[in-house]
Amino acid sequence: MSAIRIHPPTTALTISIKHLTCNPNNLNLFSTNSRNFKRSGFRRNLTPIAMSSNPLEVCAKSSITVPNRLGDCPFTQRVLLTLEEKHLPYNLKLIDLANKPEWFLSISPEGKVPIVKLDDKWIADSDVITQTVEEKFPEPPLLTPPEKASIGSKIFSTYIGFLKSKDPNDGTEEALLNELSAFNDHIKENGPFINGKDISGADLSLGPKLYHLEIVLGHYKKWSVPDSLPHLKTYMKSVFSLESFTKTMPLTEDVIEGWRPKVMG
């Protein structure tokens with residue numbers, strides 16, 4: 001048995017919002033796998049592989065609405081989902097991205113999260129982190145076959161385009177619906193997950209983005225996934241109800257506030 005330890009930020013939280021999700025200055029929005037609590041933890045059973053390894057150190061965005069809670073970065077959640085699905089213990093260090101401590105900037109000069117310590121080396125970029133974890137801890141396997149790795153790859157960018165749009169006739173909603181419809185068709189023929197019956201890294205990457213999409217479009221656009229896409233809706237419900245997802249998902253308030261500058265800008 002091993003506990004997941006959550007360390008609160010070492011500096012005071014501030015309401016000033018300087019970022020969209022994980023990185024205040026730069027976010028690759030158009031990549032499928034974009035580069036992009038009080039101190040107590042829950043305990044869970046771990047596989048022998050996880051028990052034989054030291055807890056990984058993970059730096060993550062802290063909540064901007066509730067002190068000492070995990071924040072709203074979908075790329076950080078992707079990393080945490082990977083660790084959870086592989087039953088790997090980790091220590092979570094919460095970072096106030098509006099007031100970054102010096103020790104954090106010394107290991108992440110660009111001020112980005114997530115960043116994970118593996119083999120005494122700090123690794124940034126959720127793509128690199130999850131690939132490294134897969135190589136070092138191959139069981140249970142989460143690799144997505146290359147021919148399926150791009151499924152749903154344009155959903156996030158078209159979501160952002162629609163969210164930012166002020167013109168209802170500019171085609172951004174249609175573009176998003178086209179991508180969601182294509183994904184719905186894939187799940188209908190190949191589901192319940194992207195790679196069939198077993199969850200894979202592609203689901204752990206897309207799931208947090210769909211979670212943000214559902215909350216943010218519902219709040220700012222009064223928009224929801226149409227009932228004409230039942231397989232997509234079932235997929236979202238399945239992913240969001242995973243134990244690993246419920247343990248690592250952000251507060252709704254944080255998701256809403258995290259996207260506010262993008263909407264208002």
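Asp 119 is exposed, with a relative accessible area of 59%, where exposed means over 50%, buried under 20% and partly exposed in between (1.4 Å probe, protein chains only). Its side chain meets that of Lys 136 in a salt bridge, at 3.1 Å from N to O; a salt bridge here is a side-chain nitrogen of Lys or Arg within 4 Å of a carboxyl oxygen of Asp or Glu. This is a predicted model, in which local features need pLDDT of at least 70 and side-chain atom pairs count only at pLDDT 80 or more, while totals for chains, interfaces and linings use all residues. Residues are numbered from 1 along each chain as its sequence is written, and side-chain values use heavy atoms, with hydrogens and water left out.

**Confidence**

- The mean pLDDT of the protein chain is 85, and 80% of its residues reach 70 or more; pLDDT is the predictor's confidence in each residue, from 0 to 100.
- Over residues 10-21 the pLDDT is below 50, and this stretch has 43 contacts in the model beyond near neighbours in sequence, a contact being heavy atoms within 4.5 Å.
- Residues 24-52 also have pLDDT under 50, and the model gives them 87 contacts beyond four places in sequence.
- Where pLDDT is low, the predicted coordinates should not be read in detail.

- Helices (H or I, at least four residues) and strands (E, at least two) are DSSP runs, numbered from the N terminus; two strands pair if DSSP finds at least two bridges between them.
- Strand β4 (residues 56-61) runs antiparallel to strand β6 (residues 115-118), and three bridges join them.
- In this pairing, Glu 57 stands opposite Lys 117 in β6.
- Four bridges join β6 to strand β7 (residues 121-124), again in antiparallel fashion, and Leu 118 stands opposite Lys 121 in β7.
- The hairpin of β6 and β7 has two residues between the strands, and Asp 119 takes a positive phi near 55° there.
- Asp 120, in the loop between β6 and β7, has a phi near 65°, a positive value in a residue other than glycine.
- At 70% relative accessibility, Asp 120 counts as exposed.

**Salt bridges**

- A search of the whole structure finds 10 salt bridges.
- One of them joins the side chains of Asp 72 and Lys 61 at 2.2 Å, N to O.
- Asp 72 lies in the loop between β4 and α2 and Lys 61 in strand β4, so the pair ties together parts that are 11 residues apart in sequence.
- Both Asp 72 and Lys 61 are buried.
- The salt bridge of Asp 119 and Lys 136 has a length of 3.1 Å, N to O.
- This pair links distant parts of the chain, with Asp 119 in the loop between β6 and β7 and Lys 136 in helix α4, 17 residues apart.
- Lys 136 counts as partly exposed, at 40% relative accessibility.
- Asp 198 forms a salt bridge with Lys 197, the closest N and O atoms being 3.1 Å apart.
- Asp 198 is partly exposed at 43% relative accessibility, whereas Lys 197 is exposed at 64%.

**Nonpolar cores**

- A nonpolar core is a set of buried Ala, Val, Leu, Ile, Met, Phe, Trp, Tyr and Cys residues joined through side-chain atoms within 4.5 Å.
- The largest has 40 residues, and those with the most contacts inside it are Tyr 159, Leu 210, Leu 213 and Tyr 235.
- Helices α2 (74-85), α5 (155-164), α6 (172-190), α7 (201-220), α8 (230-240) and α10 (252-264) each supply at least two residues of this core.
- The most comes from α7, with 10 residues.
- Leaving aside neighbours within four places in sequence, Leu 213 is in contact with Ile 155, Tyr 159, Leu 176, Gly 218, Trp 223 and Val 225.
- A second, separate core of 17 residues includes Val 58, Val 79, Leu 118 and Ile 129.

**Backbone exceptions in other loops**

- The peptide bond from Glu 139 to Pro 140 is cis, with omega near -10°; Pro 140 lies in the loop between α4 (126-136) and α5.
- Gly 191 and Pro 192 are also joined by a cis peptide bond, with omega about 15°, and Pro 192 is in the loop between α6 and α7.
- His 87, in the loop between α2 and β5 (90-95), has a positive phi of about 60° although it is not a glycine.
- At 29% relative accessibility, His 87 counts as partly exposed.
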